Amino acid sequence: MPTESGSCSAARQAKQKRKSHSLSIRRTNSSEQERTGLPRDMLEGQDSKLPSSVRSTLLELFGQIEREFENLYIENLELRREVETLNERLAAEGQAIDGAELSKGQLKTKASHSTSQLSQKLKTTYKASTSKIVSSFKTTTSRAVCQLVKEYIGHRDGIWDVSVARTQPVVLGTASADHTALLWSIETGRSLAKYTGHVGSASGDQTAHVWRYAVQLPAPQPAADSSQLCGEDEVECSDKDEPDADADASSDCPTIRAPLTSLKSHQGVVIAADWLVGGKQAVTASWDRTANLYDVETSELVHSLTGHDQELTHCCTHPTQRLVVTSSRDTTFRLWDFRDPSIHSVNVFQGHTDTVTSAVFTVGDNVVSGSDDRTVKVWDLKNMRSPIATIRTDSAINRINVCVGQKIIALPHDNRQVRLFDMSGVRLARLPRSSRQGHRRMVCGSAWSEDHPVCNLFTCGFDRQAIGWNINIPALLQEK
């Protein structure tokens with residue numbers, strides 16, 4: 001049998017010695033100088049390509065690591081002594097298993113059992129206390145006066161905006177990233193008509209379309225009792241709770257494929273549109289930083305509203321006057337006045353620190369603006385220097401809507417919440433959101449239907465659905 005040479009044997013022993021040294025932690029009672037001096041001398045005596053300053057830093061770091069391990073080791077010894085003391089006390093009180101001294105394994109088992117009992121007791125106590133808290137919240141404003149009435153499911157992608165018809169028949173309209181717009185029966189939740197004329201997300205094809213619809217509303221059905229759903233504890237939701245994309249409720253409704261007229265002047269995505277009072281002109285807002293005013297009958301561009309420094313996010317018209325407000329990513333919104341045909345004045349409102357996502361008219365001379373800076377501001381058109389009220393929230397705000405008759409502001413948020421405030425900035429309610437109801441993703445828009453007997457507020461979001469909510473206005477204002 002061949003034997004190892006002296007040099008091979010020595011190298012092998014040295015390798016084993018280094019491996020054994022690397023897997024062990026030296027524990028001595030020597031002073032700090034003695035403990036760190038030996039490794040330092042050994043390392044300084046070895047050949048290394050590292051600069052001396054780098055090696056010195058490494059040695060100091062390793063020394064700190066060793067001291068940390070030593071502290072843990074000391075704590076471990078103290079814990080062991082405490083465990084032994086507890087073991088002796090249990091044995092003296094006759095609680096040892098089978099009358100014998102508790103071994104480490106038995107002590108661990110008994111400790112685990114005791115810990116389990118304590119954990120269960122804490123969970124029971126916590127559940128009971130939180131149940132009392134939840135029960136107290138069930139009778140608060142958001143539970144008592146805000147109830148989900150109907151879900152409108154049929155789009156195959158996120159819904160950008162929602163609106164309610166201002167004339168008869170009163171229907172719900174939604175614009176989606178799936179290139180379609182849908183009209184819905186408010187009472188039944190069934191789609192009445194589908195528009196497929198766009199070739200981009202909503203108006204991502206840089207055009208605004210005017211199309212005519214003729215629908216026959218189905219007979220109303222009894223609304224489902226949503227009080228049981230409102231009693232559910234609020235929990236976070238996952239994507240598996242989203243509406244089934246294959247359940248296309250719009251497949252059996254009439255489809256409109258071509259518009260009556262197409263408004264073409266923008267060089268970017270048309271992000272919003274609204275009718276000017278009278279119904280003969282429409283205004284559009286685009287990512288090309290302009291808003292356009294069109295004559296709908298002739299499709300001609302009447303005015304191009306320029307001045308914003310960045311993309312527009314929204315536009316809104318006054319319900320009774322020839323006024324238009326446009327919002328932009330440049331942190332401002334502008335008021336355009338078309339009441340005098342010879343003078344088209346513009347006023348700039350500055351007060352937000354981030355994108356103004358929407359600005360809408362209210363009663364009188366007020367405008368409400370929402371922003372990604374997590375604030376909502378109420379403005380007086382006669383005094384543009386500062387807002388008369390400011391609402392601060394915990395999430396970016398999307399397209400707001402105001403109940404003009406009751407002066408209630410609906411705030412849809414990026415964090416899936418929808419909150420209600422009054423014009424003075426007082427919080428009134430938060431719409432319920434649980435595993436059984438509410439939006440599962442960002443809420444993009446909202447729309448009030450003040451004269452409709454069933455649903456008062458509609459919301460839409462990236463979870464591909466719109467929701468109708470019944471808001472008990474008298475109770476809401478009473479609890480204010």
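The structure is a predicted model, in which local features need pLDDT of at least 70 and side-chain atom pairs count only at pLDDT 80 or more, while totals for chains, interfaces and linings use all residues. Residues are numbered from 1 along each chain as its sequence is written, and side-chain values use heavy atoms, with hydrogens and water left out.

Six salt bridges are present in the structure, a salt bridge being a side-chain nitrogen of Lys or Arg within 4 Å of a carboxyl oxygen of Asp or Glu. One of them joins Arg 329 to Glu 311, with 3.7 Å between the closest N and O atoms. Arg 329 is placed in the loop between strand 14 (323-328) and strand 15 (332-340), and Glu 311 in the loop between strand 12 (300-305) and strand 13 (312-317), so this pair ties together parts that are 18 residues apart in sequence. Strands (E, at least two residues) and helices (H or I, at least four residues) are DSSP runs, numbered from the N terminus. Both residues are classed by relative accessible area, where buried means under 20%, exposed over 50% and partly exposed in between (1.4 Å probe, protein chains only). Arg 329 is partly exposed at 42%, and Glu 311 is partly exposed at 23%.

A salt bridge also links the side chains of Asp 337 and Arg 339, at an N to O distance of 2.7 Å. Asp 337 is buried, its relative accessible area being 15%, whereas Arg 339 is partly exposed at 48%. In a further salt bridge, Lys 382 meets Asp 365 at 3.5 Å, N to O. Lys 382 belongs to the loop between strand 19 (375-380) and strand 20 (389-392), and Asp 365 to the loop between strand 17 (356-361) and strand 18 (366-371), so the two residues tie together parts that are 17 residues apart in sequence. Lys 382 is exposed, with a relative accessible area of 69%, while Asp 365 is partly exposed at 31%.

The cavity search uses a 1 Å grid over the protein atoms alone; a cavity is a set of points where a 1.4 Å probe fits but cannot get out, and lining residues have an atom within 4 Å of a point. Grid points are joined across faces, edges and corners, and a volume is the space filled by probe spheres set on the points. One cavity of 30 Å³ or more is found by this rule. The largest cavity holds about 40 Å³ of space. Its lining consists of Arg 416, Gln 417, Val 418, Leu 431, Pro 432, Arg 433, Gly 438, His 439 and Trp 469. Four residues of the lining are nonpolar, three are polar and two are charged. In this division Ala, Val, Leu, Ile, Met, Phe, Trp, Tyr, Cys and Pro count as nonpolar, Asp, Glu, Lys and Arg as charged, and the others, Gly among them, as polar.

Strand 23 (residues 418-422) pairs with strand 24 (residues 427-430) in the antiparallel sense over three bridges, pairing being assigned if DSSP finds at least two bridges between two strands. Leu 420 has Ala 429 of strand 24 as its bridge partner.

Phi of Arg 374 is near 70 degrees; Arg 374 sits in the loop between strand 18 and strand 19 and is partly exposed at 45% relative accessibility. For Arg 464, phi is likewise positive, near 70 degrees. Arg 464 occupies the loop between strand 26 (457-461) and strand 27 (465-471) and is buried, with a relative accessible area of 14%. The peptide bond from Gln 168 to Pro 169 is cis, with omega near -5 degrees, and Pro 169 lies in the loop between strand 2 (159-164) and strand 3 (172-176).

Zero disulfides are found in the whole structure, a disulfide being a pair of cysteine sulfur atoms within 2.5 Å. For Cys 316, the closest cysteine sulfur is that of Cys 315 at 7.7 Å, too far for a bond. Cys 316 is buried at 12% relative accessibility. Cys 460 is in no disulfide either, the nearest cysteine sulfur, in Cys 444, being 5.6 Å away. Cys 460 is buried, with a relative accessible area of 0%.

Note on methods
1 Å grid on protein atoms, 1.4 Å probe; cavity = no way out; pocket = protein on both sides within 12 Å on 5 of 7 lines; lining within 4 Å.
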